[in-house]
Amino acid sequence: MCAFSDASGPNDDSVVYQDEHWLVRSISAAPAIAGWLILQARRHVAEPADWNDAEAATFGPTLRQIEKTVRQVTGAVRVYTASLNEGTPHFHSHILPRLPQMPNNATGFQAFGLSELARQGEVRADPTEVERVLSAIRERARKPQTV
């Protein structure tokens, strides 16, 4: 395991779910959209082609559980999922709730550009809503899910 996937550092509050293979955390302390998460491998691995059998077997169920929870908690119309892995050689996938009202009316691929606008301080989800959503996801993600 590397520092990127270690949940014992100062960003612990951002973590909403973790198990032996996966860690799910908020994309940032000040995201553009409440509930924008990163699902990342705990092991230092660059892409799905390099996953071991356990990672391959648990990714889909973990993604499904988290996306269902995000949709329920945020009221998202749908949940976007994307993974390019250009920023770090550590596998991670964005989980981005597509809300009925999006900042700058950004939908589809444009929604992912909101991350840069958030870094620049041009777009920001309400901090109270961010905390509410993260707390609700954290609470629901711990409960066993039915198929």
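Reader: Before we start, what should I keep in mind?
Author: This is a predicted model, so to speak of local features takes pLDDT of at least 70 and side-chain atom pairs count only at pLDDT 80 or more, while totals for chains, interfaces and linings use all residues. Residues are numbered from 1 along each chain as its sequence is written, and side-chain values use heavy atoms, with hydrogens and water left out.

Reader: Great. How much space lies in the largest pocket?
Author: About 740 Å³. A pocket here is an open set of points on a 1 Å grid over the protein atoms alone, where a 1.4 Å probe fits, with protein on both sides within 12 Å along at least five of seven lines. The volume is the space filled by probe spheres set on the points, which are joined across faces, edges and corners.

Reader: How does the lining split by class?
Author: It has 15 nonpolar, 13 polar and seven charged residues. Ala, Val, Leu, Ile, Met, Phe, Trp, Tyr, Cys and Pro count as nonpolar, Asp, Glu, Lys and Arg as charged, and the others, Gly among them, as polar.

Reader: Let's switch to the largest nonpolar core. Which residues touch the most other members?
Author: I33, L37, I66, I95 and L114, in a core of 38 residues. The elements giving two or more residues to this core are β1 (15–18), β2, β3, α1 (53–74), β4 (78–82), β5, α3 and α4. Helix α4 gives the most, with six. A nonpolar core is a set of buried Ala, Val, Leu, Ile, Met, Phe, Trp, Tyr and Cys residues joined through side-chain atoms within 4.5 Å. Buried means under 20% relative accessible area, exposed over 50%, and partly exposed in between (1.4 Å probe, protein chains only).

Reader: What is I95 in contact with, leaving aside its neighbours within four places in sequence?
Author: G35, W36, L37, L39, L63, I66, E67, V70, V79 and Y80. Contact means heavy atoms within 4.5 Å.

Reader: Nice. How many salt bridges does the structure hold?
Author: Three. A salt bridge is a side-chain nitrogen of Lys or Arg within 4 Å of a carboxyl oxygen of Asp or Glu. In one of them, E55 pairs with R43, and the closest N and O atoms are 2.8 Å apart. E55 lies in helix α1 and R43 in the loop between β3 and α1, so the pair ties together parts that are twelve residues apart in sequence.

Reader: Are those two buried or exposed?
Author: E55 is buried, at 2% relative accessibility, whereas R43 is partly exposed, at 33%.

Reader: And what about R119 and R132?
Author: R119 forms a salt bridge with E116, with the closest N and O atoms 3.0 Å apart. That pair is three residues apart in helix α3, about one helical turn. R119 is exposed, at 61%, and E116 is partly exposed, at 35%. R132 forms a salt bridge with E129 at 2.9 Å between the closest N and O atoms, and both lie in helix α4, three residues apart.

Reader: Where is H21, by the way?
Author: In the loop between β1 and β2. H21 is buried, at 14% relative accessibility. Leaving aside neighbours within four places in sequence, H21 is in contact with Q40, A41, R42, A54, E55 and T58.

Reader: Last one: what is the phi of N104?
Author: Positive, about 55°, although N104 is not a glycine. Most residues other than glycine have a negative phi. N104 is found in the loop between β5 and α2 and is exposed, at 57%. N105 also has a positive phi of about 55°, lies in the loop between β5 and α2, and is exposed, at 59%.

Key: 1 Å grid on protein atoms, 1.4 Å probe; cavity = no way out; pocket = protein on both sides within 12 Å on 5 of 7 lines; lining within 4 Å. Helix = DSSP H or I, 4+ residues; strand = E, 2+ residues; numbered from the N terminus.
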